Amino acid sequence: MTKNPVSGRPDKRQRWLPVAVLFTVPAPAAVWCGRATSYLPGFPPGFVFLHAVPPAMVAFTWIPPRTDAQRRRRLALGGTGCLLAFLYPHALLVGILVLWASTAG
């Protein structure tokens with residue numbers, strides 16, 4: 001039976017810091033690129049707080065995992081957080097356009 005690379009003595013565990021940095025560095029860049037490529041002129045006041053969700057997902061990757069399953073979940077959560085940080089302004093713009101089109105007609 002193979003030993004879990006995350007469990008065991010703390011000095012024998014694999015380093016998690018590079019993985020957390022892997023998502024922390026591109027997250028602000030994804031936010032900036034998402035805003036720069038979106039046609040949305042500015043955030044409506046009620047939607048600004050929703051933009052805190054992707055960075056919170058990325059911040060969750062800084063908690064060291066104890067098992068392989070937690071490691072995979074944190075990798076997925078960090079990647080999803082970066083993707084959502086980029087796509088959020090675009091999804092917000094599409095939502096606003098859909099609402100405008102459905103009420104204008």
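The following note comments on the predicted model, point by point.

1. Basis of the model. Local features of this predicted model need pLDDT of at least 70, side-chain atom pairs count only at pLDDT 80 or more, and totals for chains, interfaces and linings use all residues. Residues are numbered from 1 along each chain as its sequence is written, and side-chain values use heavy atoms, with hydrogens and water left out.

2. Confidence. The predictor's confidence in each residue, pLDDT, runs from 0 to 100. Its mean for the protein chain is 75, and 75% of the residues reach 70 or more. Confidence is lowest in H1, at a mean of 76, and highest in H4, at 84. Where pLDDT is low, the predicted coordinates should not be read in detail.

3. Overall fold. The protein chain has four helices and zero strands; helices (H or I, at least four residues) and strands (E, at least two) are DSSP runs, numbered from the N terminus. The order of elements is therefore written α-α-α-α from the N terminus on. Of the 105 residues, 25% count as buried, where buried means under 20% relative accessible area, exposed over 50%, and partly exposed in between (1.4 Å probe, protein chains only).

4. Helix H2, length. Helix H2 covers residues 26–37. At 1.5 Å a residue, its 12 residues should span 16 Å, and the end C-alpha atoms are 16 Å apart, which agrees. The expected span is 1.5 Å times one less than the number of residues.

5. Which residues of H2 are buried? They are Ala27, Ala30 and Gly34. Seen down the axis of H2, these residues fall within an arc of 55 degrees, so they line one face of the helix; the arc is that of the directions from the helix axis to the C-beta atoms. An α-helix has 3.6 residues a turn, so residues three or four places apart point the same way. The face turned away from the buried side carries the exposed residues Pro28 and Trp32. Trp32 has a relative accessible area of 61%.

6. Cover and core. The buried residues of H2 are covered by elements including H1 (17–24), H3 (53–59) and H4 (68–104). The largest nonpolar core has five residues, Val19, Phe23, Ala27, Val58 and Cys82; such a core is a set of buried Ala, Val, Leu, Ile, Met, Phe, Trp, Tyr and Cys residues joined through side-chain atoms within 4.5 Å. Not counting residues up to four places away in sequence, Cys82 touches Phe23, Pro26, Ala27, Ala30 and Val58, contact meaning heavy atoms within 4.5 Å.
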